[in-house]
Amino acid sequence: MKSALHFWGIFSCLCSYAISKNIDARPDTVSIGALFTFNSTIGRVAKIAMAAAVGDINNDSSILPGTKLVVQMRDSNCSGFVGIVQALQFMEKDTIAIIGPQSSVLAHVVSHVANELQVPMLSFAATDPTLTPLQFPFFVRTTHSDHFQMASVADIVNYYGWKQVTAIYIDDDYGRNGISSLDDELAKRRSKILYKAAVRPGAKKSEMATVLVRVAMMESRVLILHANPDSGIALLLLARNLGMTSSGYVWIATDWLGSFLDSSPHLDIDLVNAVQGVLTLRQHTENTRKKSMLASKWSALVKRDNVDSRFLINSYGLYAYDTVWMIAHALDAFFSRGGNISFSIYPKLREIAGGGLHLGAMTVFDEGKLLLEIIRQINFTGATGLVKFDSDGNLIQPAYDIVNILGSGSRTIGYWSNYSGLSTASPETLYMKSANRLRENQKLGLVIWPGETVTRPRGWVFPNNGNELRIGVPHRVSFRQFVSADNITDTVRGFCIDVFVAATNLLQYPVPYKFMMFGNGSENPSYTQLINKIQTNEFDAVVGDIAIVTNRTRVVDFTQPYIESGLVVLTSVKKHSSSGWSFLQPFTIRMWGVTGLFFLIIGTVVWLLEHRINDDFRGPPVKQIITVFWFSFSTLFFAHREDTRSTLGRFVIIIWLFVVLIIQSSYTASLTSILTVQQLTSPITGIDSLVASDEPIGFQVGSFAENYLLQELGVSKSRLRALGNPDEYKRALDLGPGNGGVMAIVDERPYIELFLLEHPKFAVVGSEFTKSGWGFAFPRDSPLAVDLSTAILELSENGDLQRIHEKWLNNRMTESQSQTNDLESDSLQVYSFSGLFLICGVACVITLAIHAGVLVHKYCEHAASSQQAALSSTDGSSRSSSSRSRLQAFLSFADRREIDTRRASKEKAAALAGVGGDSVGGVSAVSSTTSVSTTTSC
């Protein structure tokens, strides 16, 4: 027990010695530098916040015990040169870390020095996204990168459905790189920057006004302003004077404006009017305990600093406060891990030593990499929330407040976070849920836009402040129902024109335009050349029967199709008349044979099952064979009268009758189709057989069908014939391939349908082998194409599109109805059934002939026996009978039942056998026979 206590005492002494030794190794004072512009929106707040952080740290015994933290602040005075000199001065004084610089431009230069001398540089305001740890490992950004801010701006633009924006920015590293990041983010969302308006740093108001005038001449009315507070405020005031903050404009300012408004307790009335309806961003910070404490004592801190003006804290001040705490935590961990503050000479400076720059005084921080590593691993809760870096060196959980400026104040309409996108719920509540970036979950509150309107601006106008759109129209010479020019009234009319006019009338804004015909008027123009006029800026749009095909979509944007289209094959056809043997066509020879064979098989199977128990299937062999044939084939008409008594026989009959029902129904349907539906024949059955042949093919002049046949289907150009109008179509098809014509014509369905209304003797063969439609062409990313697509869908839904179609196209259907009635269906004629009538007639004649022969043969036998009986009764005296009496006797014989005739013959034979008896008996027998005969013939 005593030894244990002795050991514990020794261990405690050693620990106390180690701790005291470690604390003793810490310096009494640690000095770090701070480089920023004192007299700026960010700098004024940052200066007070950092001073407050230093005081809080030095008063907290739990961090940096025994060490006093000192922050030496230097004013760069918005000068890059001054900032560089002051940064070098910090390096001469063996500074172990620098807070700043505030400017991204200065950060790019000073970061090179920090890399070489291994001095960590922590910036709370340099947001340039190109300042990355890959190039500048000793640059630590303690605020959020503009990469995330531009992603939030892009999400806002995408949320409201704008496809083009204009970017106004200061032409320095901060402005250029921020807008470049915005361009990338917009491209991910299929939007783009239409025009980049760069403003020279330190530009005069006249220069800014010139830039804004150019912006006002552009198409986009969504303006993204990425500047510093001084230049940004000046641009907004000038924009108001130029009428660019009125209704129809959208202004989205980056977080410079949010920081300015947060810091300014009072705004000038002109500025208030200039920023009405503007959307701006603010870096989102959590409502932490440190934030509340700092805000509560802010007024006292400002008074203690003896500044003339009064200002409030903004998000950059909070990040500056946390930056000082970040260095304190890092230094505390640095000293705890045995780090020492020591410097060594930078060897590369020896070669250029001398002069008045004192370059030799700049030394390398020996353990700068260790301190940098500790800073990257920082994890604590500061005034802004959780302070922690990700693997890319960025603060985790980047988020922004989206603010709408109203009156002299502002209203938060939502939030953006890299975790869940746009939301009306704070990011802290969303971090506890699974990430959901679906479009339907992206939400923002109500916005009051410039001009005090809640209606979402469409975000664009026509270039040059609404000059008329130059709309190219094909000058067609054929199928003028679609597009045609009236030379008398100098107007353009047609189905396509009416659709375009109706669609533009549905837009919620006026669209000034003028139609410009393209083509010489003697033949249809090339539609490929017409589309290319949009690329060369000769036309602002193209309206007409423009097919939407792949190669055209690569250079222009199309609206929603307003009519379906596609290539089909038109050729000459011959009407196929049904023959007298058409009733055999529904089945093939094999089908007829198999069907007949199964009739016999079923009859045989049923006979085998019924033969021993059913009298209907018994009798002489001939009778049984006849019964098998009769029973099997009578099931075709469900007319069999033989009873089936066995269970197996009934089961077979039920299955067979179902099969017969299906065969009979199929036969009836097929025969009906053959006899009543129009049957047309052609050697060409579709595009495959047409391409496989070597016959010439026609196409419409100017149509994309020519390129499709050549490039897609590989048809030789020598086989193609250009046709200009419907008359040439008819002439070429009538002549045929052997007389200088064509075998078939490949063209779009709307043209072919219109052609067939006037020429019904031709027909489309095969199916439509391309699927497309007609639309209106606009330059790439044109917002008018999107709005017109919506209008075309509305025309389709309210029925106006169908009414326009009937006006120009369906009325011709009525005119040609009488011409096509004879082709719609065929009336049934006697000739169609002549084969059936012939078979039935022949069968009747043959059976009657056989019956007549058998009847005459039997009558002769009957007559002979009757004559013999008569001779016996008259003692051989001969009697003659007339032809009439013989005919009457034959007809009387034919009318008798077969069984009665046989019975009478037997009775006569019996009477003859009794002639040798007494005469009375004989007379009685004869009398009896005569009586029977008389009774039977009645």
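The secondary structure of this protein comprises 33 helices and 33 strands, as read from a predicted model. Of its 938 residues, 44% are buried. Among contacts with a separation of 6 or more, 73% are between residues 24 or more positions apart. The protein exposes about 47,000 Å², and carbon and sulfur atoms supply 56% of that area.

**Nonpolar cores**

- In soluble globular proteins, nonpolar side chains tend to be buried together.
- The largest nonpolar core contains 82 residues, of which Phe482, Phe495, Tyr562, Val569, Leu690, Val746 and Leu784 touch the most other members.
- Helix H17, spanning residues 495–506, contributes the most to this core, with 7 residues.
- Phenylalanine 495 touches Gln481, Phe482, Tyr562, Ile563, Ile804, His805 and Trp808, when residues up to four places away in sequence are not counted.
- A second, separate core has 76 residues, including Ile42, Ile48, Met50 and Ala52.

**Aromatic rings and charges**

- The structure holds 27 aromatic pairs. One of them joins phenylalanine 36 and phenylalanine 38 in a tilted arrangement, with 4.9 Å centre to centre and 50° between the planes.
- Phenylalanine 36 is buried at 0% relative accessibility, whereas phenylalanine 38 is partly exposed at 21%.
- Phenylalanine 38 also has lysine 47 over its face, at 5.7 Å from the ring centre.
- A further charge over a ring is found at tryptophan 460, where the charged end of arginine 458 sits 5.3 Å from the ring centre.

**Strand pairing and hairpins**

- Strand S15 (residues 399–406) and strand S16 (residues 409–417) pair in the antiparallel sense over 8 bridges. Within this pairing, valine 403 stands opposite threonine 412 in S16.
- The hairpin of S15 and S16 has 2 residues between the strands, and glycine 407 takes a positive phi near 60° there.
- S16 also pairs with strand S17 (residues 421–423), in the antiparallel sense and over 3 bridges. Here tryptophan 416 stands opposite leucine 422 in S17.
- The hairpin that joins S16 to S17 runs through 3 residues.

**Backbone features in loops**

- Glycine 100 and proline 101 are joined by a cis peptide bond, with omega at about 0°. Proline 101 lies in the loop between strand S3 (98–99) and helix H4 (104–117).
- Phenylalanine 479 has a phi near 50°, a positive value in a residue other than glycine. The loop that holds phenylalanine 479 lies between strand S18 (469–474) and strand S19 (484–486).
- Phenylalanine 479 is buried, with a relative accessible area of 6%. This assignment follows because buried means under 20% relative accessible area.
- Aspartate 781 likewise has a positive phi, of about 65°, although it is not a glycine. Aspartate 781 is located in the loop between strand S33 (777–778) and helix H27 (783–798).
- With a relative accessible area of 30%, aspartate 781 is partly exposed.

- Threonine 245 is found in the loop between helix H8 (229–241) and strand S9 (250–253), and counts as buried at 15% relative accessibility.
- Neighbours within four places in sequence aside, threonine 245 is in contact with Leu236, Ala239, Arg240, Trp251, Ala274, Pro450 and Gly451.
- Alanine 167 is found in strand S6 (residues 164–170) and is buried, with a relative accessible area of 0%.
- The C-alpha atoms of alanine 167 and leucine 194 are separated by 8.1 Å, and the two residues are 27 residues apart along the chain.
- Leaving aside neighbours within four places in sequence, alanine 167 is in contact with Ile179, Ile193, Tyr195, Lys196, Ala197 and Ile224.

Methods
Residues numbered from 1 in each chain as written. Predicted model: local features only at pLDDT ≥ 70, side-chain atom pairs only at ≥ 80, totals over all residues. Heavy atoms only, no water. Phe/Tyr/Trp six-rings, centres within 6.5 Å; stacked < 30°, edge-to-face > 60°. Buried < 20%, exposed > 50% of the residue type's maximum accessible area, 1.4 Å probe, protein only. Lys NZ or Arg CZ within 6 Å of the ring centre and 35° of its normal. Helix = DSSP H or I, 4+ residues; strand = E, 2+ residues; numbered from the N terminus. Contact = heavy atoms within 4.5 Å. Areas by Shrake-Rupley, 256 points an atom, 1.4 Å probe, with all protein chains shown as cover. Core = buried A, V, L, I, M, F, W, Y, C linked by side-chain atoms within 4.5 Å. Pairing = 2+ DSSP bridges.
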